[in-house]
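Welcome, and thanks for taking a look at this one. Here is a short briefing on its pockets, cores and strands, to read alongside the model.

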Amino acid sequence: MKFSRSTTIARTIAGKNISEYDPGFLCEPSNVIYDHKAKSFIISDYNNRRVLRLFQKRGACPETIIRGSGYYGLAMDDEGFLYVSDTEQHEVRRYRSDSSHGKVVAGGNGQGSNRNQLNHPTYIFVGPDQAVYVSDTWNNRVVKWNKDATSGVVVAGGHGKGKDGTQLHYPTGLVVDELGTIYVADCWNHRVMQWSKGASHGKMIAGNRFLAGHKANQLNGPEGLAFDGSGNLYVADSNNHRIQRFLIQTV
């Protein structure tokens, strides 16, 4: 769905009202990004186990560019490489725009909690230096994999699931700013956490005392995150079926 500025009416850009395996249908799409160079949307069609490209022109049909596994998170770097997280293979791969065969850049050593492993990676973020940040969801941590690294570094969470400032519980949406500050949707704690670069503790910046709710200062299962140019944080408040906007004091 696409919402234009200053409107509350959305326009469908991909998918239909029925979920099934068909070029025109989606089944639990988990992520979408926009490729500015190719002027197209890239969509992870999660339950159909494929990644699609949809060119932004009237009547265009989605084109399958990767297929065959549990593709969830998407990101693109400044050079146009596509990054895709795979919840079945517990890895993140980097793809050239003209290839469906990617290179493992995080995980790829089976399901687990060792530094060279991931466990159900979902959302990802890629920095300008091609470092890959991964919401290692079932390990309740965020892990940073530098370019060409063979293991990752825990940069948020990693102390078991919980509500403490050192913990996360099912981390999902992920954004990293130019200072290295990490913003992560702490889904089952119903909050968004901010971790300054090198910090051992995070700070809650959205949500209300770990309690799910539908009030303006509450969240219920937050997932996707995004910032705009004015410093507003947008949160996909999943179980409330809404998008929340918060003005955040960045650090």
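**Pocket, cavity and core briefing**

The second largest pocket has a volume of about 470 Å³. Please keep in mind that this is a predicted model. The notes below begin with that pocket, then turn to the nonpolar cores, the cavity and a hairpin.

**The second largest pocket**

- Its lining counts 25 residues, and Y133, V155, G180, I182 and K197 are the ones nearest the pocket centre.
- Strand β14 (residues 153-157) contributes the largest share of this lining, with four residues.

**The nonpolar cores**

- The largest nonpolar core has 14 residues, and those touching the most other members are Y133, V142, L168, L174, I182, V184 and W195.
- At least two residues of this core come from each of β15 (171-176), β16 (182-186) and β17 (191-195).
- Domain 1 (32-158) and domain 2 (179-250) each provide at least three residues to this core.
- Leaving aside residues up to four places away in sequence, V142 touches V134, S135, V153, V154, V155, A156, L168, L174 and V184.
- Another core lies apart from the largest one; it has 13 residues, including A75, F81, A106 and L118.

**The cavity**

- How many cavities of 30 Å³ or more does the structure hold? There is one.
- The largest cavity has a volume of about 30 Å³.
- Its lining is made up of Y71, V84, D86, E91, V92, R93 and Y95.
- The elements giving two or more residues to that lining are β8 and β9 (91-95).
- β9 gives the most to the lining of the largest cavity, namely four residues.

- Strand β7 (residues 71-76) is mostly covered, with five of its six residues buried.
- Four bridges join β7 to strand β8 (residues 82-86), and the pairing is antiparallel.
- Across this pairing, Y71 stands opposite D86 in β8, and both Y71 and D86 also line the largest cavity.
- Five residues sit between the two strands of the hairpin, where G80 takes a positive phi near 90°.

Methods. Residues numbered from 1 in each chain as written. Predicted model: local features only at pLDDT ≥ 70, side-chain atom pairs only at ≥ 80, totals over all residues. Heavy atoms only, no water. Buried < 20%, exposed > 50% of the residue type's maximum accessible area, 1.4 Å probe, protein only. Pairing = 2+ DSSP bridges. Core = buried A, V, L, I, M, F, W, Y, C linked by side-chain atoms within 4.5 Å. Domains from an automatic or database assignment. Contact = heavy atoms within 4.5 Å. 1 Å grid on protein atoms, 1.4 Å probe; cavity = no way out; pocket = protein on both sides within 12 Å on 5 of 7 lines; lining within 4 Å. Points joined across faces, edges and corners; volume = space filled by probe spheres on them.
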